[in-house]
Each structure stands twice: as C-alpha cells, then as structure tokens.
Amino acid sequence: TDKTGTLTENTLQFTEVSPGAHPDLLQYASLTVAETEEKTEPFDIAIVEAGKERLPAGTSPPQRLAAIPFDPERRWNAVLVSTLPHTEVIVRGAPEEVMSLSPGLTGTDRQALRDWLSDKGLAGERTIAVAKKVLPPTTTGISQEDVQGLEFLGALAFTDPIKPSAYRAVEKAKELGVSIRIITGDSAEVAGAVGVRIGLLDDPAHVLSGSALMALPPDKREQALSEHAVIARVTPEQKYEIIRVLQGSYSVGFLGEGINDAPALKLAGVSLAVDSAAGIAREAADIILLQKNLEVIIEGIRSGREVFANTITYLKATLASNFGNFYAIAISSLFIPFLPMLPLQILLVNLLSDFPMISIATDNVDAAELGRPKKYDIKEIVLIATLLGVVSTVDDFMFFAIFVNQGAGILQTNWFIGSILTELVFLFSIRTKLPFYQATRPSWYVLALTGVAAAATLALPYTSFGQTAFRFTPPSAMHLGIIFALVGAFFICAELVKLAYYHYAHQPARDGPA
C-alpha cells in the first residue's frame, strides 16, 4: 500500500520554511501551481492556501510560458514564467533532487538544510524544495537541459495527519496474519516516522529505499523485503519489482491509483484501486474501493475469512446431521414394523432444525480460524461429518431401543423431538474446534433462532394443531426426561469425538525410515 492518502489524511498544512530561505519562497512556490479552477494535488492546495499572494514582491503578474510536468523518476516539475523584466524557470520537487541541481549551495548550507530536512522527516512532516533560474527574456520554452545551475530558494515543510483508522488497521492485520508493506515515494525519514507511529516499525531508521533494493542481487531481494516493512523513494518500476519478488512466497494484494501503477496492479494477485484513481488503474484493478482506507481492506479480509469459516460450519453440521438421520432411518426401517417417522414429520424436522442454520452467516468465529487463510479440505469435512454422523446414528438407535415398544405415535413424537434438539445442540459443538465452553460466544441471532426452534419443537406436540396435523402424541414428563438425557449424552459424545479427531489430525506426522 501507498502511505499518502491511505495511512495519512493527504490534507497537507504548511508549517514552516527552511533556515535561510528566500523571503518570497512561498510566492515562488505558488507560481509552480497549475492554473486550474479546481486543485486536487495536496501540495498545490497547501501552497496556495499558505501563500495567498502568488507573486514575488515587486513583480508584474506572471505569464506561464511552458512547463515540464512532474515525473516520479526525476521527482520534480518546472514552469517557465515571464515576470517582467525577467523570464524565469522555477523548479519544485524532492529536496535532494532540487539540491543536486543547485551548485551554488555551500557545504555548510547543504549540511544545515539536510539536518533540517531530517528533523522534519523524523517528525513525520513532508517537504519540498524550490529553486529558480533566470533565462533570456526571449525564451518561450524549456527542456531538461535548462534545469541546471539553479539558485536554491529554500524548502517548505507540511504536516500530513495520520488517519485514526491506520492504527486499527495495523493491529487488525497482525491478528489476521497479514503483512503490510508501505511503498512510498516520500523520504526514508518521513516513511519511517509514519511506520513507527502506526505501530508497523520499532525503529524509524529501519527503512529500505527503492534504489538500495534494486542494488541487491536478485536472490537477496526477497529476504530484504521480508525484513523491511517500509520501502521509501520507490518508483513505479520498483513497485512492479517488489510485487514480483514477494509473489515468489506470498499472496500479494496491491493498492494503487496512478497511471504508472497499472503494471503493478496487473501483476498483483489481488489489485485494488480507489474510485478516484486514474482510469487505467481502475481498469487494471480487481476491486474498486469507495473509501481510501486501509482498514476497509483489512476488514474485508476478516469478513471473507468469517464467511468461509461459517460456510464450513454449515457444511459439517448439515452433512453430519443428514448422515446420521439417513443411516438411522435406513437401518431401523428393516426391523421396525412401522415408519420411524412420518413423511410430514420429517419435513417439519428439516424446517425446524434448519431454521437456526440460516443465522450461521452471522455467527462469531474463533480467532484461531481467522489467523490464516483457509482452503476447502474436502477430506476433513467428509471425515468429521461421517464420524459425528455415526454418533448421531447411535443416539437415534437409543431412541428406537427405548421407545419402540411404546407404540408408533410415541416413538415418532419422541424421536421427532430428539432429532431436532440433537441438531440444535450439535451446532454449538461443530461451530468450533475448541471445547464448546472455550469458543467465541455465538451471535445473538444463532442463540435467538435456536431458542425459537427449540421452543416450537417442545410446544408443538402439546397443541391440538400438532396432534391433528402431524399426529403427535404428547410425551410424558418421564419421556421428556429421557429425551433430554439422550440429547445430553449425544452432545458429550459428539464433543469427545470432535476433540479427539482434531487432536489427532493436528499431530505432526512421524518421520519415516531414512
């Protein structure tokens, strides 16, 4: 992710000029701002707001003659203006680049300026420098060759507040096992200061520059990127290389918005752009964000993992319950002279037991399930569903053994109640790999719908509607006690089988013979 606008507000506010700066520095800086009605570049907005008067003192209104736009490689832009009786080229850009174009700076001045820039960077403030050069009055155009031998005018510092969401995003990313890399064109000092403030770095100096990365041998770049969470002074080409290297070991998502980010967006496993990004960046992106906020992305990852975990829970719960009932009905029908449950009663079982299942999408998920991305493990799903289905079948046989001699109506009603209650309590076991009492609390929707389904199951056999429409026989208090005991026994056995399975499944495999 970029830093500016994603981790910071990107609403700059001018703070101060560098020591010994030209008295008209702000006005000269204002001349580099494009003449448009609506300004969107944060530096432009901050300079105009701070400068107000856009002309150097004592000069006529300037006429813009030509311009060299900003380029991320050279990191400066230039404008040619006519300020009678002079024609001047004014350059604005990264301080180190503008300083290199200004040979008139003495060694003492350069060191003082570097110290000031370092202090501002460590404070998290962004800086730009301005220089000028007088050209012949007849000059009407400029080239890069004209941007040499400049007179250094000074540097300006701006604050860029960090978004409150950036702190939360970093903490949540750590919980999810997501590694964040800040890729920025800003200086190492600024990037490091931001990294420390949001909790991504312990040491503001632990920043890797794009040029230092590219100077490393190709086989050393992945290690360097694994050890550095912040990469500063990065060009679009270097962004592409960073993603290419990281994709050797990781799934990489990239948030970009500029025209030059399009190749990196195409390369990334998941490419993201904000809706205000350049058209080609939006075309290359897989996801368009309506908010330029890193927390939105992290929350999206969390939501995706929660949905996946709850989908697996639904599959396991449904398969285990259906396997159990299928085995029980198939086998018992061979030995019982009547239907163990009427067709209409079976449909009602499916309705009431599946009623709380629709709330699984809202259920809370254990932190352990969110710590790493998951994949569908068909073997695990089928195996655990089969094992717990066998437990359910054995429990059903216990119902048959106890109530088969009580008559068809009593067996059918009691097994109806037992089948639904076992499925309801089973959900609280299968929703976690931990002991149920150590799991994250179920959502209120799961609790509420489970309670409604259980109440309807227990009440229906005692109503005239249930007795007439579904041919229920009201169970006695003793029968209810037996049903509750069998349901409790099933829940305990299901918990023990589940815990034994996951304990065995997570044991490391022993090494075979050498």
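Strand 5 and strand 6 run antiparallel to each other, joined over seven bridges; strands here are DSSP runs of E with at least two residues, helices are runs of H or I with at least four, and both are numbered from the N terminus. Two strands count as paired if DSSP finds at least two bridges between them. Within this pair, Lys132 has Glu151 in strand 6 as its bridge partner.

A word on what you're looking at: this is a predicted model, where local features need pLDDT of at least 70 and side-chain atom pairs count only at pLDDT 80 or more, while totals for chains, interfaces and linings use all residues. Residues are numbered from 1 along each chain as its sequence is written, and side-chain values use heavy atoms, with hydrogens and water left out.

Back to strand 6 (residues 151-159): seven of its nine residues are buried, so the rest of the structure largely encloses it. Buried means under 20% relative accessible area, exposed means over 50%, and partly exposed is in between (1.4 Å probe, protein chains only). Strand 6 also pairs with strand 1, again antiparallel, over four bridges, and there Phe14 has Phe158 as its bridge partner. On to strand 5 (residues 126-135), which pairs with strand 4 (residues 86-93) in the antiparallel sense over seven bridges; Val89 sits opposite Lys133 of strand 5.

Put together, you get an open, antiparallel sheet of six strands in the order 1-6-5-4-3-2. Strand 1 (13-17) and strand 2 (63-68) are at the edges with a single partner strand each, so one side of each has no neighbour in the sheet.

Now for the helices. Helix 17 (residues 444-459) has 16 residues and spans 22 Å from first to last C-alpha, close to the 22 Å expected at 1.5 Å a residue (the expected span is 1.5 Å times one less than the number of residues). Its buried residues are Val446, Leu449, Thr450, Ala453 and Thr457. An α-helix has 3.6 residues a turn, so residues three or four places apart point the same way.

Among the elements covering those buried residues are helix 13 (343-354) and helix 16. Gln412 belongs to helix 16 and is buried, at 6% relative accessible area. Beyond its neighbours within four places in sequence, Gln412 contacts Phe338, Leu339, Pro340, Met341, Leu342 and Gln345, contact meaning heavy atoms within 4.5 Å. Ala408, also in helix 16 (residues 408-430), is partly exposed at 28%.
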